[in-house]
Amino acid sequence: MLKLQLKGAVALALLCFLNSPTEAQAILNKVKSAAKNKAANAIFGDNDTPSTPSASEGDERSGRPMNNTSGGLITTPPDVGKSIATAESSFSDKKYGEARYALQQAIVGIEMEMGNKVMESLPKKVAGIDFVKESDKVTSTGMAFVGLTIFREYYNDDKAVDITVANNSALLMSANMYLTNPAYTSGQENIKSVTVQGFRGVMEFSEYDGYKLSVPLGQTSIAIMKMVNFPDESTALKVSDAFDLAGIQKQLGDKIN
């Protein structure tokens with residue numbers, strides 16, 4: 001009723017100034033079509049834009065049950081032998097897409113086997129700190145520049161250590177950039193080149209993250225160790241000695257630089 005009264009009032013006002021009802025109605029329609037702001041829409045009750053859900057409507061949709069009982073995906077590595085056999089048969093049948101996918105799955109299976117061997121070789125305690133079994137991760141994509149990654153961490157209430165070993169990964173590129181270009185480290189207060197267990201590496205420090213040691217283990221592999229709340233550089237380097245870098249390199253089949 002209020003809207004009808006308002007429309008009538010506007011039309012009547014226009015009639016007072018214009019010569020004919022037709023002309024007034026035409027102007028009224030132009031005003032309505034040009035009404036883009038909320039005030040005009042409120043007057044004429046026209047809204048060409050789709051309505052957006054109200055907060056209460058959103059809450060109703062968000063009332064769906066949250067997942068809290070499912071067990072996740074099965075992480076069993078692909079069967080290498082079966083994948084290779086599938087690749088061979090698919091190639092013979094000229095199903096090249098299936099052959100390529102099967103080969104990628106075979107590579108994932110091989111990398112996961114390598115990664116699990118490396119994981120088994122890592123110490124269960126470093127600097128008196130036990131490892132966190134739930135955090136152990138071995139991942140592989142079977143693709144270059146992403147490759148194989150092994151992660152383990154150790155922490156207690158005061159200190160933390162973690163190691164990431166990567167093979168065929170882009171992570172290697174940044175460390176090599178510093179090692180092959182001394183200009184990147186010279187003059188920088190919080191980064192320097194170091195030698196660890198016979199390997200050249202890069203040591204970094206930040207007040208927030210502590211010490212970070214990146215050590216290339218050949219042409220395609222790297223070990224990155226982070227040490228939090230250790231008092232100084234020499235102590236952090238001693239902590240890194242807990243990891244058998246040459247053994248990891250051998251497990252990955254990498255070559256000496």
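**A colleague's note on the sheet, its helix and the core**

1. Contact here means heavy atoms within 4.5 Å. Please keep in mind that this is a predicted model, in which local features need pLDDT of at least 70 and side-chain atom pairs count only at pLDDT 80 or more, while totals for chains, interfaces and linings use all residues. Residues are numbered from 1 along each chain as its sequence is written, and side-chain values use heavy atoms, with hydrogens and water left out.

2. F243 also belongs to the largest nonpolar core, which has 33 residues; F243, L213, M225, M227, L245 and I248 have the most contacts inside it. Such a core is a set of buried Ala, Val, Leu, Ile, Met, Phe, Trp, Tyr and Cys residues joined through side-chain atoms within 4.5 Å. Helix α6 gives the most to this core, with 4 residues. As background, nonpolar side chains tend to be buried together in soluble globular proteins.

3. Now for the sheet: 7 strands form an open, antiparallel arrangement in the order β3-β4-β5-β9-β8-β7-β6. Its edges are β3 (137-140) and β6 (191-196), each pairing on one side only. From one strand to the next, the twist averages 20°. Helices (H or I, at least four residues) and strands (E, at least two) are DSSP runs, numbered from the N terminus, and two strands pair if DSSP finds at least two bridges between them.

4. Within the sheet, β7 (residues 199-206) and β8 (residues 210-216) run antiparallel and are joined by 5 bridges. In this pairing, E204 stands opposite K212 in β8. Helix α9 (residues 245-252) packs on the sheet and touches β4 (148-155), β5 (160-167), β6, β7, β8 and β9 (221-228), its direction making about 30° with that of β5. Axes are lines fitted to C-alpha atoms, for helices over the stretch in contact, and angles run from 0 to 180 degrees between N-to-C directions.

5. Do look at S140 in strand β3. It counts as buried because its relative accessibility is 17%, where buried means under 20% relative accessible area, exposed over 50% and partly exposed in between (1.4 Å probe, protein chains only). The side chains of S140 and E111 are joined by a polar contact of 2.4 Å. That term covers a pair of N or O atoms within 3.5 Å; within protein, one must be able to donate a hydrogen and the other to accept it, and residues adjacent in sequence count only if both atoms are side-chain atoms.

6. E111 lies in helix α6 (residues 96-121) and is buried too, at 7% relative accessibility.
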